[in-house]
Amino acid sequence: MLIDVLGNINLLPNQFGPSQFAINGERYSATFGPGGRRDIRLIHHPRAGGMDEAGPSRPLHRPPPIVSARQTGEGVVDLGYLIRGGWEHRERFLPPYLVRVLEGERIMPQPGRPTYFEIRGMPYRGELVESEGRQRVRVYPEPR
């Protein structure tokens, strides 16, 4: 059942690594087990204890680093090389792994403040929108 729920809300891990999310304020990640795509492992990442609480002296899990995007000759970030397979230039929600790249590049859109980048040489505008009770990045191609 958990696999179906995570799949319905785009939180399953993919070829780029585990997904991370919060359940009741606690951090979790989902990663593939040795059994393949239907073997999903849920990992709890407990919060650090307070000054008077017992806890580990160092983190038990270090999330994977955020991948950097490539800069074009004009200094614009191009996410295209991170996409495997075909990519149709159209309006859509950006997949979570590309949203993490926007965050890492410090070009994540804010409410009412779009950001601009490229995907395979095509200029895009990214906007933060509320959808299905959560914030997502919607992208719009802007042909030259």
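**A friendly note on this predicted model**

1. Let's begin with a hairpin: 2 residues link β2 to β3. Strands here are DSSP runs of E with at least two residues, helices are runs of H or I with at least four residues, and both are numbered from the N terminus. Two strands are said to pair if DSSP finds at least two bridges between them. β2 and strand β3 (residues 36-45) run antiparallel and are joined by 7 bridges. Within this pairing, Ala30 sits opposite Leu42 in β3.

2. Before going on, a word on where the values come from. This is a predicted model, in which local features need pLDDT of at least 70 and side-chain atom pairs count only at pLDDT 80 or more, while totals for chains, interfaces and linings use all residues. Residues are numbered from 1 along each chain as its sequence is written, and side-chain values use heavy atoms, with hydrogens and water left out.

3. Now look at the other side of β2. Strand β1 (residues 19-23) pairs with strand β2 (residues 26-33) in the antiparallel sense, over 5 bridges. Gln20 has Ser29 in β2 as its bridge partner. These two strands also form a hairpin, with 2 residues between them, and Asn24 in the turn has a positive phi of about 50°.

4. Which residues have the most contacts inside the largest nonpolar core? They are Leu79, Leu94, Phe117 and Ile119, in a core of 19 residues. At least two residues of this core come from each of α2, β7, β8 and β9. α2 gives the most, with 5 residues. A nonpolar core is a set of buried Ala, Val, Leu, Ile, Met, Phe, Trp, Tyr and Cys residues joined through side-chain atoms within 4.5 Å. As a general background point, nonpolar side chains tend to be buried together in soluble globular proteins.

5. Leaving aside neighbours within four places in sequence, Phe117 is in contact (heavy atoms within 4.5 Å) with residues including Val76, Leu79, Leu94, Leu102, Met122 and Val139. Apart from the 19-residue core lies another core, of 7 residues, among them Leu11, Tyr28, Ala30 and Ile40.

6. Tyr97, Leu98, Val99, Val101 and Leu102 in α2 are buried, where buried means under 20% relative accessible area, exposed means over 50%, and partly exposed is in between (1.4 Å probe, protein chains only). The buried residues of α2 pack against β7 and β9.

7. Two arginines have a backbone angle worth checking. Arg106 is not a glycine, yet its phi is positive, about 60°. Arg106 lies in the loop between α2 (96-104) and β7 (115-119), and it counts as exposed because its relative accessibility is 76%. Arg120, also a residue other than glycine, has a positive phi near 50°. Arg120 is placed in the loop between β7 and β8 (122-131), and its 37% relative accessibility makes it partly exposed.

8. How many salt bridges does a search of the whole structure find? It finds 4, a salt bridge being a side-chain nitrogen of Lys or Arg within 4 Å of a carboxyl oxygen of Asp or Glu. One of them joins the side chains of Asp39 and Arg41, at 2.9 Å from N to O. Asp39 is buried, with a relative accessible area of 18%, whereas Arg41 is partly exposed, at 41%.

9. Another salt bridge links Arg138 with Glu91, the closest N and O atoms being 2.9 Å apart. Arg138 lies in strand β9 (residues 134-141) and Glu91 in the loop between β5 (77-78) and β6 (92-93), so the pair ties together parts that are 47 residues apart in sequence. Glu91 is partly exposed, with a relative accessible area of 40%.

10. Arg125 and Glu127 also form a salt bridge, with 2.7 Å between the closest N and O atoms. Salt bridges that share partners join Arg125, Glu127 and Glu142 into one network.

11. Last, find Ser131 in strand β8. Is Ser131 buried or exposed? It counts as buried because its relative accessibility is 13%. Not counting residues up to four places away in sequence, Ser131 touches Phe93 and Arg136. Ser131 and Phe93 are 38 residues apart in sequence, and their C-alpha atoms are 9.8 Å apart in space.
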